[in-house]
Amino acid sequence: MTEPRDRSGPPAGGTGTQPQEADVLRHLLRSPGYLKALAFCALIGIPVSLAAFWFLVLLHELEHWLWASLPHALSLDSPPWWWPFPLLLVAGAVVGLVAARLPGAGGHVPASGLHTSGPSTAALPGVVLAALASLPFGAVLGPEGPLIALGGGLALVFRNLAQVPATPRSATLLGAAGAAAAISAIFGNPLIAAVLLIEVAGVGGPQLFAVMLPALLSSGIGALVFTGLGRWTGLATGDLSLKLAAPLPRLDVPDVLWALAIAVALAAVLHPLLAGARRIASYVTARPLVRTVLCALGAAACAAVYALVTSRSPAEVASSGQSTLAVLAADPHAWGIGALLAVLLFKGAAYALCLGGLRGGPVFPALFLGAAAGVLLSPLPGLGVVPAMAAGMAAASAITLRLPVSSVVLVVLLLGSSAMMPVVILAAVVAFVLTELLPIGTAVPVTSDGT
């Protein structure tokens, strides 16, 4: 009979590194300072989630009013082809002024990816104003970037109000917790918020657990607050979960092989698009006011030309694509080949312009572009619509975010099942590896002031 091993000692056949890390983590979890920080992060999750909830409600309601209620009030059945021009002109002018004049330049430049570093209370007004000007007015971006900055900044505001000592370590912990609480509900699940923060933070070992425990706790509380407020008020913040038109099929060999091909094809297309977005961001940085307006008008032109060419709504190109993704998933066969090619071309171009010039996050448009590419390629022999969409979304998000684990978790949660897990993982890994092997291109400052 085997003797029970002392859990405080080194594992059988192991090295000295593992128990040392375990001892560090155990010591950290037993320290009163860390436990106090963990409890404070739980408390912070409540007001941050409240603020994020109403911020998302405001974005959702304003977008609905600008793109649905206002056209109907003007006796228009849908937004006409020219509709994006005045809206995105306003977006470009406001974001340009914020980038040029306010602290923090309106938040992270989305072409630089997602960031949790450097939460700032001084940047909060600019972040909120730039997001309100960009997202509802038709920027091809999502709300996750501003939410991360908003959550991290608000966490520091509440820290200061509570007169908690300000240290670099507390700023890291509270920034991660606030960001996780803010973004947990936009993805419909606190798990993706925690996983996303793991990869965005880019830390490991005991430090990973030290940062992620507050983030996971705060994101769970944030999800509870969002769920309760949504049921109590009846207001919507946007739902990322997909209602697929057909049951999830059983995977076969052609699905898996085509998933690899889809990943390669999307890497070949999206990598240069993102490199172009980084060059646009560097171009805008020199003269943010004028050049931000030019980027916004360029995105408006993409939406207008799409509407003229396809006789469809310009809103399918403008805005994040979150609602359009749900429509596409519910009835993918309603989109002809011409419409799919057009939306990929024009939304891709508008996406690059908005990544470089406006403010928001890169996740939602990438998911839509990947799903649309999957639907376009689904008639290939032996390839199903759902596996193609799953592979396309996983590959596109991994290429854009360079966060493969987060991309896999996000797509699986979107589909509501692990049935597509093999093609999702393969597509994400292949796309990520190919993207990492390709040259990065122009470097982009995190914000337009170079911080």
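## Helices α12 and α13

In this predicted model, helix α12 passes helix α13 in a left-handed crossing. Helix α12 covers residues 337-357, and its axis comes within 10 Å of the axis of α13, the two crossing at roughly 155 degrees. Angles over 145 degrees count as roughly antiparallel, and α12 and α13 are therefore roughly antiparallel to each other.

On the α12 side, the contact is formed by Ile-337, Leu-340, Leu-341, Val-343, Leu-344, Lys-347, Gly-348 and Tyr-351. These residues meet Pro-365, Ala-366, Phe-368, Leu-369, Ala-372, Ala-373, Val-375 and Leu-376 of α13. By residue class, the contact of α12 with α13 comprises 14 nonpolar residues, 1 polar and 1 charged.

## Helices α11 and α13

Helix α13 (residues 363-377) also packs with helix α11 (residues 322-330), at an angle of about 25 degrees and with the axes 9 Å apart. An angle under 35 degrees counts as roughly parallel, so α11 is roughly parallel to α13. The crossing of α11 and α13 is left-handed.

From α11, the residues in contact are Gln-322, Thr-324, Leu-325 and Leu-328. Their counterparts in α13 are Phe-364, Leu-367, Phe-368, Ala-371, Ala-372 and Val-375. The contact of α11 with α13 holds 8 nonpolar and 2 polar residues, with no charged residue.

Phe-368, Ala-372 and Val-375 of α13 take part in the contact with α11 and also in the contact with α12.

## Helices α3 and α4

Another packed pair consists of helix α3 (residues 84-101) and helix α4 (residues 124-134), whose axes come within 8 Å and cross at roughly 165 degrees. This angle makes α3 roughly antiparallel to α4. The two helices cross in a left-handed sense.

Helix α3 contributes Ala-91, Val-94, Val-95 and Val-98, which meet Gly-126, Leu-129, Ala-130, Ala-133 and Ser-134 of α4. Of the residues in the contact of α3 with α4, 7 are nonpolar, 2 are polar and none is charged.

## Helix α10 and the residue after it

Helix α10 comprises 23 residues, 288-310. At 1.5 Å a residue, α10 should span 33 Å, and this agrees with the 33 Å that separates its end C-alpha atoms. Just after α10, Ser-311 adopts a positive phi of about 60 degrees.

Key: Residues are numbered from 1 along each chain as its sequence is written. This is a predicted model: local features need pLDDT of at least 70, side-chain atom pairs count only at pLDDT 80 or more; totals for chains, interfaces and linings use all residues. Side-chain values use heavy atoms; hydrogens and water are left out. Helices (H or I, at least four residues) and strands (E, at least two) are DSSP runs, numbered from the N terminus. The expected span of a helix is 1.5 Å times one less than its number of residues. Axes are lines fitted to C-alpha atoms, for helices over the stretch in contact, and angles run from 0 to 180 degrees between N-to-C directions. Angles under 35 degrees count as roughly parallel, over 145 as roughly antiparallel, 65 to 115 as roughly perpendicular and the rest as oblique. A crossing is left-handed if the near helix is turned anticlockwise from the far one by less than a right angle, and right-handed if clockwise. Contact means heavy atoms within 4.5 Å. Ala, Val, Leu, Ile, Met, Phe, Trp, Tyr, Cys and Pro count as nonpolar, Asp, Glu, Lys and Arg as charged, and the others, Gly among them, as polar.
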